[in-house]
Amino acid sequence: MSEQHLEHKRQALEQQSDFLRDKEKKLRRDLAIEASTAIKFQLEKQIEQTEAELNELAEQLDALEKALSTGRLYRALLRLGYRNQAREFRKFIEAHSVAAFLIHGSLYYGQRWLLNRLVIQHVPNITTGKIVRIELSRIARRSDSAALWRELGGRVGLGRQSSNLEIAERVYQWWRTQNVLLIIYDVDCLSEAFLEEIIRDFWLPLAAKVRETTSQVNQFKLLMFLVDYDGCAGSWNIPFVEKLEATSKPHNPVKLPEITEFSEDELTNWLEYEADELPTKLIDEVEETIQTILKNSDNGIPERALGEICYLSGCNWYEQEEKWLRL
């Protein structure tokens, strides 16, 4: 439900509450001057019913205000940290409609949060097309490349014995009519040679074929994300692209900057800049809030810092995580 819809609903409930409060006052005035026992009984019952309706509306308003507050917090969190990664992603995505990206960092550094943030903020329309998600931790051993090809073949609607080129052709046919988003989680579960095989035998032929067609027909996007939760893939001897040249058309995946901890300066600037969106309990004592966040997040580990900020705001990160992280 959109924030605008929630706000309209809140206004309607407040108007209804005002009407019922006025009604209750009138009923109490009538009760005070009424002489008839029977009519007094009826008025008392009406007052009880009105009070029950007011209590129910108050609960609905509390829930709405909590939802609105959570929405404001979410928008603010989307602007915390990850500046280097967001800047590089935006630079590449504005220049190319076909690209692959490595998101990498240590455990709990918010790789999935960053993935969702990049898509929501910079390519939101891509989620209306085809989305293929592969979780390697569930299916693959470091040496079992066949498991990934079977899974990928199944995900694109082909037989489990399909070749990598057949899989690439199916994705290409999708791309001709819509945006396509490929996400491979847990690439740290692979060996270096296996990741290189995926890039060489699947991504590069697919990207090359799409680029040959792009100038002729359409501008649908084809994006692939490789998500590394261990921080190892960035150091592998794989020809990642790290800098966008003016005339380059990067075929190999772009290695975004490695995710680092939120610094004290980042948190300070964020709290001050987002003051209007954040709960007052966060911004009343900025320095104290920052020290609490750093202390309870092992000195700024992003995912733990996000969880602590939610906790301090009266919001449960674990309850919101699946709502916020749709990819």
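Helix H4 comprises twelve residues and spans 16 Å from its first C-alpha to its last, close to the 16 Å expected at 1.5 Å a residue; the expected span is 1.5 Å times one less than the number of residues. Helices (H or I, at least four residues) and strands (E, at least two) are DSSP runs numbered from the N terminus. The model is predicted, so that local features require pLDDT of at least 70 and side-chain atom pairs count only at pLDDT 80 or more, while totals for chains, interfaces and linings use all residues. Residues are numbered from 1 along each chain as its sequence is written, and side-chain values use heavy atoms, with hydrogens and water left out.

The buried residues of H4 are Gln111, Trp113, Leu114, Leu115, Asn116, Arg117, Leu118 and Val119.

The five strands of an open sheet are arranged in the order S2-S3-S4-S1-S5, with parallel pairing; two strands pair if DSSP finds at least two bridges between them. Strand S2 (130–135) and strand S5 (254–255) are the edge strands, each pairing on one side only. Six bridges join S2 to strand S3 (residues 180–185) in the parallel sense. Within this pairing, Ile183 in S3 is the bridge partner of Arg133. Helix H4 (residues 111–122) packs on the sheet and touches strand S1 (98–104), S3 and strand S4 (222–228), contact being heavy atoms within 4.5 Å. The direction of H4 makes about 160° with that of S4; axes are lines fitted to C-alpha atoms, for helices over the stretch in contact, and angles run from 0 to 180 degrees between N-to-C directions.

Side chains of opposite charge can pair when their charged atoms come close. With a salt bridge taken as a side-chain nitrogen of Lys or Arg within 4 Å of a carboxyl oxygen of Asp or Glu, the count is eleven. One of these joins Arg75 and Glu277, at an N to O distance of 2.9 Å. This pair links distant parts of the chain, 202 residues apart: Arg75 belongs to helix H2 (residues 37–77), and Glu277 to the loop between helix H9 (264–273) and helix H10 (280–283). Arg75 is partly exposed at 25% relative accessible area, as is Glu277 at 22%.

A salt bridge also connects Glu169 with Lys209, whose closest N and O atoms are 2.5 Å apart. Because Glu169 lies in helix H7 (residues 164–175) and Lys209 in helix H8 (residues 192–214), the pair ties together parts 40 residues apart in sequence. Glu169 is partly exposed at 29%, and Lys209 is partly exposed at 32%.

Glu94 and Arg90 form a salt bridge of 2.8 Å, N to O. The two residues are four apart in helix H3 (residues 83–95) and are therefore separated by about one helical turn. Glu94 is exposed, at 57% relative accessible area, whereas Arg90 is partly exposed, at 45%.

The structure contains zero disulfides, a disulfide being a pair of cysteine sulfur atoms within 2.5 Å. For Cys232, the nearest cysteine sulfur is that of Cys189, 8.7 Å away. Cys232 is buried, at 14% relative accessibility. The sulfur of Cys310 lies 4.2 Å from its closest cysteine sulfur, in Cys315, which is too far for a bond. Cys310 is buried, with a relative accessible area of 0%.

Methods. Buried < 20%, exposed > 50% of the residue type's maximum accessible area, 1.4 Å probe, protein only.
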